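Subject: Structure for your review

Dear colleague,

Please find below the structure that I am handing over to you.

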Amino acid sequence: MTLAVFFGCTFIAFGPALGLFLFTVLRDPLRIIILIAGAFFWLVSLLLSSLVWFIAVKASDPGDEPLQKGLLIFGVLFSVLLQEAFRFLYYKLLRKAIEGLVALSEDGCSPISIQQMAYVAGLGFGLMSGAFSMINLLADALGPGTVGIHGDSQLYFLTSAFMTMVMIFLHTFWGILFFHGCETQHWWEMAAVILTHLIVSGSTFWNPLYVGSLVPSYLLMFATGAWAYVLSGGCTQNLLQSLRGQQSETSPQPGS
Amino acid sequence: MTELSAHLPQFQHGQLTENFPDNHLSNTNDNSERRRHDNSERRRNDNPESETNGQPQNRAQQVVEQDEEDEELTLKYGAKHVIMLFAPVTLCMVVVVATIKSVSFYTRKDGQLIYTPFTEDTDTVGQRALNSILNAAIMISVIIVMTILLVVLYKYRCYKVIHGWLIISSLLLLFFFSFIYLGEVFKTYNVAMDYITLALMIWNFGVVGMICIHWKGPLRLQQAYLIMISALMALVFIKYLPEWTAWLILAVISVYDLVAVLCPKGPLRMLVETAQERNETLFPALIYSSTMIWLVNMAEEDPEAQRKASKSSTYDKQANQIQNEDADMDDGGFNPEWEQQRNSRIGPLESTPESRAAVQALPSNSQASEDPEERGVKLGLGDFIFYSVLVGKASATASGDWNTTLACFVAILIGLCLTLLLLAIFKKALPALPISITFGLVFYFATDNLVQPFMDQLAFHQFYI
């Protein structure tokens, strides 16, 4: 595969996330740490869910194809639930951290708010999830080969890149939603996050029928994005103003 | 020997410590009396000395206030300092992984070090396990012996020997290893190069490196050189240590680090205590420092050096011995650069109250002395090396390849973060290896054996979790 494919897929998958990282996270050391810790939590959740799947596979008949696929689907769903559980754990940890930061600060308020933490944590989850999905593919894209030569889809790399991008965004929005739900005890927000995660992962079971997976995922991404935006205090006025490049004289953007 | 006391966290064996400004409660309880006001420039207020916990009955309140202030500042710095260490550690790992992935020389098996004489190409798994255990045992005992030798040399003030050892190791690393590295890179990319140009390049690289590391140089350049030599050393280890031996050595050396730094009779701890008794500082060449403070602040760097030096030096020595040279920088050299530096600046001095007073009266030439931002964190080079060895080995031999590499990378960074958090809480020098290496090893084996098959199957079906 060509370098064009490699760079194209890399930037499709990680371009927006890289932009988010460069412009919002890189300046503040605390956010970088929260990002990496978020990545770590996602990694641990993946580890545990892989362990469960591995045990299930080893305990079953490797020749039975439908069973193996069924186990894989079970693995995916279990992994989704575990990821959300770890998101909750991470929320708990960050809550404690905020209390610590407040206690240690001069003026009694934390240098970073829970909303900012929610955003960075979501981004951390998303980046790690995207990296794990995409990096090996990208490495293969640099090597020789022809995509889809055995009759599979030729759009494999491209759709993977798009799927990765949407997952990164979704994780970011889910982080904001989830933490907001935890903060304000709105259980439906947390349930919505879990449900949409299950739906998005479930929609990938339709691959290689990409219409069935990419379209719902993108729609859900826009929906959760709008919801997260509203929850973070945004409104259409701010949005239009920022698009026009004007400064808002009203309250500063929360979690900027 | 220096009139500036090492502003010592106590057990500088930890490879990690923080430079606290004077009045910070620092790590070392023993040092309170000896602690000097050498960091006067950093003092935020006029308190004479950083008290340790035991001392300040007379100024308990002040100390408590400073404490809280310090703590708050510590944590604020904490994040910044963590990033100041994340960046070089990441850079070192990136260099190592990039080299491993592109230059096949470092993954080719060309024999083993004499410290790991047993081969791993055996017929049975049991034999292989036994051989690797023996290899690791030999390596660790060599390291322990070297460390003890270092402590003995230091105790009996054989500074010249240590000095010479250190210089020769640096020379080896900066000239010979980088020559090999450059040669292999040229071979990989098929670049034609004549010896004259090569000699010029290596000469310049090496000499500037020696100057920067052992004497003075721009901070960034010194940091870059330290990262480069750590990467070179890590590559040597990755090349010459067989697989199971490497993992075992990593595990055992983090245990050794823990023991040597924290146990009262640990060699590194004794080394530091001896240095503190003599009010000396150790070599600045074996510690990566995030801020450079000249002269007066050199004191800060040295403790780190001690900490790190002993450790890193020993095993580096081992590796280098194959070339019949001394260990490189990492070995337990002490001080000579610092002495030379001091001599060159102020003239040869023995520590006397007058000289100390004179020095303290000197205007602080550190930048932004009052600025707490200038506090730096130090990490020993051995830590860089072993982190890079772990990640490099993961990228070289894992079936999960990039996933495993990434997982180990994140694990090591989180371990480093936790270590720094502990440092901020306990405020004494801590070993930086145990937590990170443990996480790294756990994640390596877990990702390689559990996560990789799962991700493989997911990628095959294009499922997303």
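The notes below take the chains one at a time, then a contact between them, and then some individual residues.

Please bear in mind throughout that this is a predicted model.

The two chains

Chain A contains 8 helices and 0 strands. Along the sequence its elements read α-α-α-α-α-α-α-α. The C-alpha trace of chain A extends over about 65 × 45 × 30 Å along its principal axes. Among the contacts in chain A with a separation of 6 or more, 73% are accounted for by residues 24 or more positions apart. Chain A has an accessible surface of about 12200 Å², and carbon and sulfur atoms supply 71% of that surface.

Chain B has 13 helices and 3 strands. It comprises 465 residues, of which 62% are buried. For the contacts in chain B with a separation of 6 or more, residues 24 or more positions apart make up 77%. The accessible surface of chain B is about 16400 Å², with 64% belonging to carbon and sulfur atoms.

A helix contact between the chains

Helix 4 of chain A (residues 114–141) packs with helix 13 of chain B (residues 433–461) at an angle of about 80°, and the two axes lie 11 Å apart. Because of this angle, helix 4 of chain A is roughly perpendicular to helix 13 of chain B. On the side of helix 4 of chain A, the contact is made by A:F132, A:S133 and A:N136. Helix 13 of chain B contributes B:T447, B:V451, B:Q452 and B:M455. By type, the residues of this contact divide into 3 nonpolar, 4 polar and no charged.

A:S160 is located in helix 5 of chain A, which covers residues 156–184. This residue is buried, with a relative accessible area of 0%. Neighbours within four places in sequence aside, A:S160 is in contact with A:M134 and A:L137 of chain A, and with B:Q462 and B:Y464 of chain B.

A:P16 is partly exposed, its relative accessible area being 27%. If residues up to four places away in sequence are not counted, A:P16 touches A:F11, A:M165 and A:F169. With the corresponding residues left out, A:I12 touches A:L158, A:A161, A:F162 and A:M165. In terms of distance, the C-alpha atoms of A:P16 and A:I168 are separated by 8.9 Å, while the two residues are 152 residues apart along the chain. A:I12 and A:M190 are 178 residues apart in sequence, and their C-alpha atoms are 29 Å apart in space.

A:Y229 is placed in helix 7 of chain A, which spans residues 210–231. It is partly exposed, with a relative accessible area of 31%. A:Y229 and A:L177 are 52 residues apart in sequence and 9.3 Å apart in space, C-alpha to C-alpha.

Two residues with positive phi

Most residues other than glycine have a negative phi. A:Q185, a residue other than glycine, has a positive phi near 60°. A:Q185 is found in the loop between helix 5 and helix 6 (187–203) of chain A, and it is partly exposed, with a relative accessible area of 47%. In chain B, B:R157 has a positive phi of about 60° and is not a glycine. B:R157 sits in the loop between helix 2 (125–155) and helix 3 (159–189) of chain B. B:R157 is partly exposed, at a relative accessible area of 49%.

With kind regards

Definitions and conventions. Residues numbered from 1 in each chain as written. Chains lettered and ligands numbered in written order. Predicted model: local features only at pLDDT ≥ 70, side-chain atom pairs only at ≥ 80, totals over all residues. Heavy atoms only, no water. Axes fitted to C-alpha atoms, helices over the stretch in contact; angles between N-to-C directions. Helix = DSSP H or I, 4+ residues; strand = E, 2+ residues; numbered from the N terminus. Parallel < 35°, antiparallel > 145°, perpendicular 65-115°, else oblique. Contact = heavy atoms within 4.5 Å. Nonpolar A, V, L, I, M, F, W, Y, C, P; charged D, E, K, R; others polar. Areas by Shrake-Rupley, 256 points an atom, 1.4 Å probe, with all protein chains shown as cover. Buried < 20%, exposed > 50% of the residue type's maximum accessible area, 1.4 Å probe, protein only.
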